[in-house]
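Dear colleague,

I am handing over the structure we spoke of, and my notes on it follow below. Please read them with the model open beside you.

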Amino acid sequence: MADDGTPAPSDGQWPLWEVFVQPPRGEPFEHAGSVHAVDAESALQNARDVYTRRGEAVNIWVVPTAAITASTPADSGPFFDPGNDKPYRHPQFYSVPRGVRV
Amino acid sequence: MPDSPDAITEFEARIAAGETIEPKDWMPDRYRKQLIRMMSQHAHSEVVGMLPEGNWITRAPTLRRKMGLLAKVQDEAGHGLYIYCGTETLGVGRAELVDQLLTGKAKYSSIFNYPTLTWADIGAIGWFVDGAAIVNQTMLAKASYGPYARAMVRICKEENFHKRQGYEIMATLAAGTPEQKRMAQDAVNRWWWPSLMMFGPSDKDSPNSAELTRWGVKRKGNDELRQRFVNLTVAQAVAIDLKLPDPELRPDPATGDWHFGPIDWDEFSRVVHGDGPLNRERLAARRQAHSDGEWVREAASAYAAKHTAAAAPAAA
């Protein structure tokens, strides 16, 4: 796979695509797995055959695996820290008079 | 990071805390190797598992049975792909894994080296082989490696259909003519013991079990899973009046389990090491199917190249 994310066969097999499917009833897209395919159109068809044989989805996204930028597990501590030390973002941080339902 | 004692301690603490290990996380080299071996073997089993059943698609007795069997075999192909895709997250390419299968370097479940002689065998496979696989895979759905566990969740959802279609075939035959019932009983007699062997050797004789258990890939032992399968299946056999071929089978009041007789591990070992009834035929059929598909791979690559070339001037 090329650096710019363009799928290109590297080791004699077709490029890898990550598959995201959206279940019916307006739920968010969820990662399902991956497929190998020569191009985006056939990746979509392969994804449909592999991951939605029983009406599991109303939409599918396929993304070249190399186009995904991911956080690094080793740095997850400092990376997520800005959110972890702010308990005042949660409702339980605030007290209300006894007996009142808020 | 090298496999330092500190790193391993931290890794094992994560597993003990019930965290899942994800592809980019640090993991001991041995964990990665064991997973690649186990997962690819599992994927190969799904793929080779299509062969004994594919044998009967054209001869299914009714259209309903044929549709069910086609859908099941298609699922097995999908299950192979789910697990190959999970294995690729460990840094090994699918082409390499498929090559290991086709050259005979990698193993697959020995159960698929037994022949499907009659239509009743299709019922027995769904009932026993998929039934045993569900027991095993339900445990693996809690495996410590995230991509493997998630593939198992997906597979377990689909395999209940496989088991029920198999059991329905057996129940129908068992309630049919005396000849049909004999056919069903004969299939039970041939598939029961190899199905019990699917769980692998007793834990004390299983070279990989201890390590896989310590790292949370396996959450239960082979013997425990095998016992669970026996306990589940006895009542199902009684309900359709088929006899499991084990004179020692009896309830054990002390444990609440069904006691079963000794398993012929020599037979298991012979089949694992290549001397089962159909080892050579199965591999030959896989190689043939792979080379028969060559023109499809070539055509798709040519199509993609043509479209890339056509799009290039516009992009420049």
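**Notes on the two chains**

R280(B) is exposed, at 56% relative accessibility, where exposed stands for over 50% relative accessible area, buried for under 20%, and partly exposed for what lies in between (1.4 Å probe, protein chains only). The side chain of R280(B) forms a salt bridge with D275(B), and the closest N and O atoms of that pair are 3.2 Å apart; a salt bridge here is a side-chain nitrogen of Lys or Arg within 4 Å of a carboxyl oxygen of Asp or Glu.

Before going further, please keep in mind that this is a predicted model, in which local features need pLDDT of at least 70 and side-chain atom pairs count only at pLDDT 80 or more, while totals for chains, interfaces and linings use all residues. Residues are numbered from 1 along each chain as its sequence is written, chains are lettered from A and ligands numbered from 1 in the order in which they are written, and side-chain values use heavy atoms, with hydrogens and water left out.

**Salt bridges within chain B**

Over all chains, a search of the whole structure finds 24 salt bridges. One of them joins D25(B) to R14(B), with 3.1 Å between the closest N and O atoms. Because D25(B) sits in the loop between α1 (5–16) and α2 (29–48) of chain B and R14(B) in helix α1 of chain B, the pair ties together parts that are eleven residues apart in sequence; helices (H or I, at least four residues) and strands (E, at least two) are DSSP runs, numbered from the N terminus. D25(B) is buried at 8% relative accessibility, whereas R14(B), at 22%, counts as partly exposed.

Another salt bridge is formed by the side chains of D121(B) and R190(B), at 2.8 Å from N to O. This pair links distant parts of the chain, with D121(B) in helix α6 (residues 119–140) of chain B and R190(B) in helix α8 (residues 178–197) of chain B, 69 residues apart. D121(B) is buried, with a relative accessible area of 0%, and R190(B) is partly exposed at 25%.

**Where the chains meet**

The contact (heavy atoms within 4.5 Å) takes 18 residues from chain A and 21 residues from chain B. Together the two chains bury about 1,700 Å², 50% of it on carbon and sulfur atoms, buried area being the accessible area (1.4 Å probe) that two parts lose on being put together, summed over both. On the side of chain A, the residues that lose the most area to chain B are W14(A), R53(A) and R54(A), which together make up 30% of what that side buries.

Four salt bridges are found across this interface. In one salt bridge of the model, R53(A) meets D75(B) at 2.7 Å, N to O, and R53(A), R54(A), D75(B) and E158(B) are linked in a network of salt bridges.

**The core and the fold**

The largest nonpolar core has 93 residues, of which Y31(B), Y145(B), Y148(B), M170(B) and W191(B) touch the most other members; such a core is a set of buried Ala, Val, Leu, Ile, Met, Phe, Trp, Tyr and Cys residues joined through side-chain atoms within 4.5 Å. The largest share of this core, twelve residues, is given by α6(B). If neighbours within four places in sequence are left aside, the residues in contact with Y31(B) include F11(B), I15(B), Y145(B) and W215(B).

Chain A has two helices and three strands, and from the N terminus on its elements run β-β-α-β-α. Of its 102 residues, 27% count as buried.

**Two residues to look at**

Most residues other than glycine have a negative phi. R25(A), although not a glycine, has a positive phi of about 70°; R25(A) lies in the loop between β1 (16–22) and β2 of chain A and is exposed, with a relative accessible area of 75%. D241(B), also not a glycine, has a positive phi of about 55°. The place of D241(B) is in the loop between α10 (222–239) and β1 (250–252) of chain B, and D241(B) is partly exposed at 41%.

With best wishes
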